[in-house]
Amino acid sequence: MEFVSDLASLINSTLRISTPLVFAAMAGIFAERSGVIDFSLEGKMLMAAFVAAVCSYYFGNPWIGLLMAIIVCVSLSMLHGFASVTHKGDQVVSCVAINILIIGLTTALAAAWFGQAGLTPTLTEEQRFLEVHLPFADNLRDIPVIGTIYSDILSGHYIFVYFAYISVPIVYWVVFKTSFGLRLRAVGENPSAVDTAGINVFAMRYKALAVNGILIAFAGAHLSTAVNANFFREMSAGRGYLALAAMIFGKWHPKTALIACMLFGFTDALQIRLQGVEIPTIGEIPVQLIQALPYILTVVLLAGFVGKAIAPNAIGQPYIKER
Amino acid sequence: MVSPILELNNINKSFGHVHANKNINLTINKGTIHGIIGENGAGKSTLMSIVFGLYQANSGIIKVNGNEIKLRSPKDSIVNGIGMVHQHFMLVENFTVLENIILGFEGETIFGEKLQKAKEDLKKLCETYNFNIDLDSTISDLSVGFRQRVEILKSLYRGAEILILDEPTGVLTPQEVDELFKILRSLKDEGKTIVLITHKLIEIMDLTSEVSVMRQGEMVGHTKTENTNKEKLAEMMVGRSVLLRVDKPEVKRGEVIFKVNDLTVKDDLDVIRVKNVNLEIRSGEILGIAGVTGNGQTELLEALSGIRNVESGNIELFGETISHKDNYLNPRMLKEKGLAHVPEDRQRMGLVTDFKAYENLIFGYHDQEPYSKSSIFNQKEIIQYANKVMKEYDVRPSSPNLLTSNFSGGNQQKIILSRELNENPKVLLVGQPTRGVDIGAIEFIHQRLIDMRNKGAAILVASVELDEVLSLSDRIIVMFDGKIVGEKENKNVTDRELGLLMAGVTE
Amino acid sequence: MSNIVVDKTKVPWWVSNVIVPLVNLSLALLVSGIFIFIAGENPIEAVKLIIFGSFGYIQGFAYTLYYTTNFIFTGLAFAVAFHCRLFNIGGEGQAYIGGLGVFLVAINLSFLPVPIVWLLATLGAILFGAAWAYIPAYLQSKRGSHVVITTIMFNFIASSLMIYLLVDVIRDTNQMAPHTVKLPEEIWLPSFEALSGVLGIKIRYSPLNLTFLLAIASLFFVWFLIWKTRWGYEMRAVGHNTQAAIYAGISPHKNIIIAMCISGGLAGLLGVNEILGVSHKIQAGFPAGYGFTGIAVALMGRNHPIGILPAAFLFGILYQGGSEVTFEMPNITRYMFVAVQGLIILFSGALENLFRPQIESFFVNRLNREVRS
């Protein structure tokens, strides 16, 4: 029974920890499938966390915080679009700029407005998202297997967790079963083909970036108004890059990206439980090694030891009409 | 009754300082096959891109069926019944035929019954024109000829009444060309209008009823095809009598310097592209490889020049094996042995366009004396050498410090040529030597190659322009599907003979 | 969007390489001013404080030059890799590990003559920094793993690794905080303070030290390497057109590795400054963001040593002046200047062509008018 409840707890944590990664990976898929490199997921997630925390505090309502985060993230995606799509600037540089800018700006403004070295005020219960308990969760808990799954694994999550996992099949359906998705994929593979079909390549990419902005905002809002009750500096802690690795590893496909995200989540969930544990003959694993595990795993995934990933054909290249 | 379906009045288009279309007037009549002929850079593609809405004209009027229309994007053109089959196909490789055709014309947001109807409609269209395409096959699995049919089908599905084809036969075998022409003729019989852009005179004479000639951005002539012939058209195209053959003195051929034994080469996708090829070149001879693009010439040239690995077989230079499966002699070592290579794709391979001219003139030789000593450059020597060869090869403008991207295609090609020939190579491998080069430079480049051959070099020229192969070669081989399917001395050989071989029809 | 087309051959070099970057910089500073205003402070006052803090007194100016030293190293590091079309975002981690190299060599070989220790410690910095860049370089070349992501990951890993070492392995056990013991005084690099003292001039403490000269020397070294040697030529060829480089017999793999390792080595030199010249021990987090700033410095300086020097100096002013601002203005923290950096990267890098056509055509027309009259 110990083992079962430990396992349930582990899966529960995995689901929760993977949530921002799933949103970010889905966001990345939209942008990159349309041919725009998005290394700025990290910065946008951080910005969303900041905006959501601050606005939830000021307006007393976390949904407004979420809405504002969406507006800001979509604007940032549009900025990235402006720099790379319209001005044909280097997309990687644009992303690096956005990331650095946001790390600085969020902490600077948090410090300036709230004076606590980059912390925003702790949100009260009305100002944040609380855990959602599925109906009859308490009553059903004792039923073997199903009860555990329902009450300990599925119930009790923040609403974002449910959103995240529902978003995956929706993203899949949009990308592969609608005309919008067909055009999206075409723009990322051969923009000329799309242009000569009478579709505006730039508009398509901006639309993809808008969706990207919406999805990543959910990731950030989850961090600062659900899991935590405030924003603290650099709280995204590299999750944006982990999501990129998951997306690449998942070959830009929602289902496989999801699996990679959950793998990261699992590693992280395990990490907390491994601290202080002794392994025979090696002794205690240094805390720092465990903390570095997600980043090491990212490198391993990117090194393609688990298969080589082929990116959308036209990615990273600005579309130039006149030859 | 012949009525104009498309009229262009005083169309002007400039790209910066380049005036690509100057006051073009053109009338295309309904139900005809109308040819537009001109050499590279004449402005034909630009003009048709304007008609298809890809570019906007700076001034001028376009009329379809007598009504003036504004074409701001391909969508406007498509709505007006204009369709275009581009030189480089506008297809998404990993989509199916069906997905490519409905792209932009899906008719519904969520795929459902309209998709089914589209499939049925397309099946009917296919039957009407005898296209024989499987709508669910992926583009990457289709041959070039079939991909072109998909392009035509795409335009028809979108309701094109005017079909523009831009250099459609560049990648087809003569047999595939015949099939294409059959399709075009039957489209014409159905009342469609065809505009054929080409630089191949024989296509004009075979297919069209009217022809317009463009030269250097201007429309210089218009005639009914029955009233003209190839020589007259060529003169209009170029503005003077064209020398279709270069003077080639008889030269005594020496020993075999370069030998290829049973060579097999794979491409990047692990597909075998060169199959058991044998060839040899003697000093003082030009061996021409004829063949349609995509029959293995590219991979062969890459293997011979040390850029691509050999799967089996070997290559010998002066009797010494320089390349086989386990030993891969790279370009640097080959240069030391006297082998030079002028690549097919000069911008992608032969040059770094962001470099200055003098930097490209030492490209590949940069670590040798006198250009550098112990890895440090000797600027004075380099500039001196650059000035010398730029004058010798008439590269314009002759400034070594200019960025290479600022030179025209022909001059860029001359930079590459001067670089490689300056080393007096014993063996020279050349791919598409005059692609995208203006006619004046073509003659110059051909002459230089002949000069090298007269001096005793062994030269291999691969070209998709049959004229060029016939003009330069002492001996011709034809590649088809990765194999050598024919070898002939260049005496009284005809286009048709070679064309059949190029299509895989062996004796 | 404008459709101005400019004949590139007629644009004077100083317009493309001085005027346009200055305009981009001004835009970045303008937006920064807006941010400062949003944070509740007066941007004009902030500018005055920055100028005073960085120029107004000798000690301040010395601090400015000390920061400049670090930015030259990290700016050069990014620039060298960039010439091979590689975005080395790992300057932070490479500097950190480079510092480890400096310390290990210095502490263990401190019995050798002082100049030899300096030389070997510098080599240690370069080797360790290069080693930290090697794996991302290898993975990019052989496995196609994007170097941006891997170098960022290696920054995180370096941080974890160094904390582990500083806490558990090489800690000064007499202290609570995670840092190493101090190096023996004999092998400290002479500081500006000390050198002036020799000349009889009394100046207050600043971290500026002899490493500044090493930074200047590095500028020459990089210029020479990239444009006057075959290695720089090959790196640039691979960076501009990898296919063509292969045709010319240049090995992309070799050059990717070389470019990244030199880049890592240059970042490592930051360790020489911090450890031999300033704190004389390894303190946790000593790279302190210099690695990221280096990116902005390189992009502003158009990846050329001639541009990197003034750009590094400008950032030195921003940092030193900035600390004056954070001292005097309670609402501005150092993170505001991180944001400024981001803006500079944005306007000098991603949006560098925002007003380029207008500026270039303005000058081309004006020059033509002068010629005609």
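1. Helix 11 of chain A, residues 239-249, is mostly covered, with nine of its 11 residues buried. The buried ones are Gly240(A), Tyr241(A), Leu242(A), Ala243(A), Leu244(A), Ala245(A), Ala246(A), Met247(A) and Ile248(A). Just after this helix, Lys251(A) takes a positive phi of about 55°. Please bear in mind that this is a predicted model.

2. Chain B holds 17 helices and 23 strands. Along the principal axes, its C-alpha atoms fill a box of roughly 70 × 50 × 45 Å. The radius of gyration of chain B is 25 Å, which agrees with the value near 23 Å that a compact globule of 507 residues would have.

3. Of the 507 residues in chain B, 55% are buried. Among the contacts in chain B with a separation of 6 or more, 67% are between residues 24 or more positions apart. Chain B exposes about 21600 Å², and carbon and sulfur atoms supply 46% of that area.

4. On charge, chain B has 61 positive and 71 negative charges.

5. The size of an interface is often given as the accessible area lost when the parts come together. For chain B and chain C, about 2300 Å² is buried between them, with 60% of it on carbon and sulfur atoms. Phe355(B), Ser375(B) and Phe377(B) supply 22% of the area that chain B buries against chain C, more than any other three residues. The contact takes 31 residues from chain B and 23 residues from chain C.

6. Where is the place of Ser405(B) in chain B? Ser405(B) sits in the loop between helix 13 (379-392) and helix 14 (409-421). Its relative accessible area is 43%, so Ser405(B) counts as partly exposed, a class that runs between 20% and 50%. Leaving aside neighbours within four places in sequence, Ser405(B) is in contact with Thr353(B) and Gln412(B). Arg346(B) is 59 residues from Ser405(B) along the chain, and the C-alpha atoms of the two are separated by 12 Å.

7. Most residues other than glycine have a negative phi, and most peptide bonds are trans. The next two points list exceptions in chain B.

8. The peptide bond from Arg396(B) to Pro397(B) is cis, with omega near -5°. Pro397(B) belongs to the loop between helix 13 and helix 14 of chain B, and the place of Ser405(B) is in the loop between these helices too. The peptide bond from Glu369(B) to Pro370(B) is also cis, with omega near 0°. Pro370(B) is in the loop between helix 12 (357-361) and strand 18 (372-373) of chain B.

9. Asn132(B) is not a glycine, yet it has a positive phi of about 60°. Asn132(B) lies in the loop between helix 4 (113-129) and helix 5 (144-157) of chain B. Is Asn132(B) buried or exposed? With a relative accessible area of 63%, Asn132(B) is exposed. Asp262(B), another residue other than glycine, has a positive phi near 50°. Asp262(B) is found in strand 11 of chain B, residues 256-266. At 38% relative accessibility, Asp262(B) counts as partly exposed.

How values were computed
Residues are numbered from 1 along each chain as its sequence is written. Chains are lettered from A and ligands numbered from 1 in the order in which they are written. This is a predicted model: local features need pLDDT of at least 70, side-chain atom pairs count only at pLDDT 80 or more; totals for chains, interfaces and linings use all residues. Side-chain values use heavy atoms; hydrogens and water are left out. Helices (H or I, at least four residues) and strands (E, at least two) are DSSP runs, numbered from the N terminus. The radius of gyration is taken over C-alpha atoms; the globule rule is 2.2 Å times the number of residues to the power 0.38. Buried means under 20% relative accessible area, exposed over 50%, partly exposed in between (1.4 Å probe, protein chains only). Contact means heavy atoms within 4.5 Å. Accessible areas come from the Shrake-Rupley method with a 1.4 Å probe; for residues, only the protein chains shown count as cover. Lys and Arg count as positive and Asp and Glu as negative; His and the chain ends are not counted. The place of a charge is taken as NZ of Lys, CZ of Arg, CG of Asp or CD of Glu. Buried area is the accessible area (1.4 Å probe) that two parts lose on being put together, summed over both.
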